[in-house]
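Take a look at the fold first, then follow the points below.

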Amino acid sequence: MSMRLDEALYQHLVACPLAPVVALRQLVGDRIYPVVRPANCALPAVIYDLQSGEEEQAHSGGIGIVTSSGQITAEAIEYAPCRELAGALKAALEAPTQRWGDLAVYRVLVTENSTPDYDNDTQSYVQALSLTVAHSREG
């Protein structure tokens, strides 16, 4: 049974042995969170929010490929480390692999939405990336 996309993404970012993913972990450790970063969490950190998509259809019905999208954010105390983290995050997501955890991944598109913005509430820089993933059906 396949895992959900958010679980598969997390598994990929914390356990994948490919060099770009290892480089990301050297920057953030295990500070990778769904939806909201915990209040007293150290920075830098990664926050992700994914929405499951619809299964692609052929004339005969579903073909077993789902295209999902969401946002993944790099957050750091200073501007330059935030840019570095966003670049490492993009490279980790685009690392050539056919699986994230137990989920088959067919295509990944990562788009930088902007340069880092300063968030007065958290007193940190944040840079959002748009993520689109074509993957097998979730379990």
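A residue is called buried under 20% relative accessible area, exposed over 50%, and partly exposed in between, using a 1.4 Å probe and protein chains only. By that scale, Tyr125 is partly exposed, at 22%. This is a predicted model, in which local features need pLDDT of at least 70 and side-chain atom pairs count only at pLDDT 80 or more, while totals for chains, interfaces and linings use all residues. Residues are numbered from 1 along each chain as its sequence is written, and side-chain values use heavy atoms, with hydrogens and water left out.

**Aromatic rings**

- The structure holds 2 aromatic pairs; rings of Phe, Tyr and Trp (its six-membered ring) pair if their centres lie within 6.5 Å, and planes under 30 degrees apart count as stacked, over 60 as edge-to-face and the rest as tilted.
- Tyr79 and Tyr125 make an edge-to-face pair, with 5.7 Å centre to centre and 90° between the planes.
- Because Tyr79 sits in helix H3 (residues 79-93) and Tyr125 in strand E7 (residues 124-136), this pair ties together parts that are 46 residues apart in sequence. Helices (H or I, at least four residues) and strands (E, at least two) are DSSP runs, numbered from the N terminus.
- Tyr118 and Tyr125 are also edge-to-face, at 5.0 Å centre to centre and 65° between the planes.
- Tyr79 is partly exposed at 39% relative accessibility, and Tyr118 is partly exposed at 41%.
- Together, Tyr79, Tyr118 and Tyr125 form one aromatic cluster.

**Strands around E7**

- Strand E6 (residues 117-119) pairs with E7 in the antiparallel sense over 3 bridges; two strands pair if DSSP finds at least two bridges between them.
- Tyr118 has Tyr125 in E7 as its bridge partner, and these two residues also form an aromatic pair.
- E6 and E7 form a hairpin with 4 residues between them, and Gln123 in the turn has a positive phi of about 55°.
- Strand E5 (residues 103-112) pairs with E7 too, antiparallel over 7 bridges, and Leu109 has Thr132 in E7 as its bridge partner.

**Largest pocket**

- The largest pocket has a volume of about 170 Å³.
- Its lining consists of Val35, Val36, Arg37, Ile47, Thr73, Glu75, Asp119, Thr122 and Val126. On a 1 Å grid over the protein atoms alone, a pocket is an open set of points where a 1.4 Å probe fits, with protein on both sides within 12 Å along at least five of seven lines, and lining residues have an atom within 4 Å of a point.

Conventions:
Points joined across faces, edges and corners; volume = space filled by probe spheres on them.
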